[in-house]
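Subject: A structure for you to explore

Hi there,

I am passing on a structure that I have been looking at. Please open it beside this email and follow along as you read.

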Amino acid sequence: MFTVKTDLDLTRAHEVLVIGLFEKSKKVEGLAEKLDSVLEGQITELLKDGDISAKIKSLTKIHTLGKLSTKRIYFVGLGKEDKLTFEILRDTYGKLFKTLKAAKFEEVAIAMDSFVTETIDFNESAHALGEALPLATYTFADYKQKSNTPEKEINTVIVYSNGDSEEIEAGLTVGYAHAKGVNSARTLVNLPGNMLTATDMANYATELAEKYQFELEILEKEEMEKLGMGALLAVNKGSVEPPKMIVLKYQGRESWDDVIGLVGKGITFDTGGYSIKPKDGIVGMKSDMGGAAAVLGAMEVIGELKPEQNVVAVIPSTDNMISGDAFKPDDVITAMSGKTIEILNTDAEGRLALADGVTYAKHHGASYLVDVATLTGGVIVALGNDITGAMTNNEELFEQVLEASNETGEAIWRLPINDKHKERVRKSKVADLNNSPGRDGHAIFAGTFIGEFAEDTPWVHLDIAGTATTSSDYDLGPSGATGVMVRTLATLVERFKSEK
Ligand code: BES
Ligand code: ZN
Ligand code: ZN
């Protein structure tokens with residue numbers, strides 16, 4: 001995909017050459033300067049006349065009219081140099097690649113020295129580019145007879161620079177790996193429920209394990225029964241699809257300690273069960289395995305980049321269906337931890353699946369826990385569609401997750417847990433816990449419930465119900481699944497510092 005070269009080769013014919021421009025620069029600099037002289041100062045002229053814009057995210061195409069073997073140049077506006085941030089640069093690359101893909105280019109040459117600033121070095125600019133390309137050009141292959149599969153994709157990017165090639169290659173590799181993980185997660189979420197059952201998800205995890213030599217364990221229903229996973233099994237009761245508890249282990253350290261447990265909600269379709277969802281609310285519930293997808297996407301990144309960390313990924317997976325066998329309100333079930341749960345709402349199924357997922361992650365030695373789940377409509381009301389809700393029982397671990405989120409630009413915001421919330425979750429005449437204490441602040445109750453299973457293990461909960469999908473296109477992707485939290489989880493693992 002990427003080739004890094006140190007000198008702009010103007011004799012070579014590229015399909016398209018890309019140059020970045022900052023506002024106020026009256027002349028082109030660096031490698032582009034060479035180009036300007038070949039074009040007899042025409043670029044400087046066009047800039048002066050305002051025919052090429054340096055405004056942020058603006059794209060201007062010029063034709064070289066036979067003066068150069070490369071036929072066209074795209075100028076990318078980068079705005080004011082001191083205002084450019086990593087995130088804006090990545091968005092801008094995204095918009096560029098979307099445009100170039102739509103124009104059916106397969107090969108792109110880019111003068112990277114025009115995309116660096118005082119604060120964004122070659123490594124970071126390359127990271128932004130490597131990440132933006134797969135993210136922005138992602139499409140989900142649909143099932144129409146006349147398919148949307150693009151005729152042409154960008155398959156070669158030549159990065160020219162006068163910077164350090166190793167730094168650039170490292171940045172491209174990390175960015176690209178992160179984006180590939182995101183795209184895999186997007187595809188899993190976009191797959192309809194009939195095409196991604198718990199069995200399909202287990203098969204996908206098996207392929208991932210084979211590719212990256214992860215240790216793999218897939219628990220079948222009988223094994224879950226033996227282990228007493230009554231919470232996940234309750235959710236599965238109404239289904240004809242067998243449940244799966246999927247476990248992937250990555251050992252990047254000598255001994256199996258300081259293990260980071262990533263637990264993802266893997267409900268492949270959520271009807272709500274007997275507490276059935278209304279007809280409008282049920283559409284889109286194929287995305288209820290967004291947490292599982294985030295964890296699998298992060299594992300792919302981890303498999304590619306091989307950080308020196310230990311990670312156990314746990315995915316409790318089933319659909320939530322209705323039948324004569326289904327679990328129902330008033331049922332009392334026993335989770336793997338031994339805690340009993342009074343079911344008040346079968347639509348609050350994610351926390352049940354996660355309860356056993358969290359317990360099983362601890363069983364596998366997790367010393368830190370991060371769970372990710374499309375858990376509540378409440379979090380959408382509270383934080384909208386751009387911010388993931390977070391909760392925790394441990395300040396230090398939360399701080400590390402927050403830093404990872406700041407680095408990736410996947411915003412999180414913390415919701416509280418206090419003793420009143422715990423009281424409400426523990427209030428039941430017949431069991432240790434209830435699964436639905438009420439509508440008031442119910443995103444918090446859902447997190448609090450999962451905290452009852454994390455117990456003293458440092459734990460962060462991420463509710464991605466609002467952020468896992470989006471209804472509109474954006475610079476770094478199309479509408480549909482976003483693959484949110486893949487990069488934050490992967491970055492957390494890459495940067496992780498044990499507290500011991
Ligand atoms: N999967 C849903 C949450 C959800 C809602 C995800 C909208 C994405 C978009 C979850 O299982 C659920 O139904 N939660 C209930 C909880 C309630 C019964 C306490 C909800 O949010 O209404
Ligand atoms: Zn539900
Ligand atoms: Zn759900």
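First, some ground rules. This is a predicted model, in which local features need pLDDT of at least 70 and side-chain atom pairs count only at pLDDT 80 or more, while totals for chains, interfaces and linings use all residues. Residues are numbered from 1 along each chain as its sequence is written, chains are lettered from A and ligands numbered from 1 in the order in which they are written, and side-chain values use heavy atoms, with hydrogens and water left out.

**The two zinc ions**

Which residues hold the zinc ion (ligand 2)? Asp-270 (OD), Asp-347 (O and OD) and Glu-349 (OE) coordinate this ion at 2.0 to 2.2 Å. Donors here are N, O and S atoms within 2.8 Å of the metal (3.2 Å for Na, K and Ca); water is not among the atoms, so sites may look incomplete. The 6 donor atoms subtend angles of 72 to 167°, so the arrangement around the zinc ion (ligand 2) is irregular. Asp-270 sits in strand S10 (residues 266–270) and Glu-349 in the loop between strand S13 (340–342) and helix H11 (350–363), so the pair ties together parts that are 79 residues apart in sequence. (Helices, H or I with at least four residues, and strands, E with at least two, are DSSP runs numbered from the N terminus.)

The zinc ion (ligand 3) is coordinated by Lys-265 (NZ), Asp-270 (OD), Asp-288 (OD) and Glu-349 (OE), at 1.9 to 2.4 Å. Its 6 donor atoms subtend angles of 77 to 172°, which makes this arrangement octahedral. As for the cut-offs, four donors count as tetrahedral if all angles lie between 85 and 135 degrees; four count as square planar and six as octahedral if opposite donors are over 155 degrees apart and all others between 65 and 115; anything else is irregular.

The two zinc ions are 3.2 Å apart, and Asp-270 coordinates both.

Lys-265 also forms a salt bridge with Glu-349, with the closest N and O atoms 3.1 Å apart. (A salt bridge is a side-chain nitrogen of Lys or Arg within 4 Å of a carboxyl oxygen of Asp or Glu.) Are these two residues buried or exposed? Both Lys-265 and Glu-349 are buried, with relative accessibility of 2% for Lys-265 and 0% for Glu-349. Buried means under 20% relative accessible area, exposed over 50%, and partly exposed in between (1.4 Å probe, protein chains only).

**The two domains**

The protein chain is divided into domain 1 (2–178) and domain 2 (196–495); such bounds come from an automatic or database domain assignment. Their C-alpha centres lie 39 Å apart. In contact (heavy atoms within 4.5 Å) are 16 residues of domain 1 and 16 residues of domain 2. Between them the domains bury about 1300 Å², 57% of it on carbon and sulfur atoms. Lys-98, Leu-135 and His-178 supply 41% of the area that domain 1 buries against domain 2. Buried area is the accessible area (1.4 Å probe) that two parts lose on being put together, summed over both.

**Salt bridges**

Between domain 1 and domain 2 there are 2 salt bridges. Arg-487 pairs with Glu-131, at 2.7 Å between the closest N and O atoms, and a network of salt bridges links Arg-90, Glu-131, Glu-410 and Arg-487. The whole structure has 23 salt bridges.

Happy exploring!
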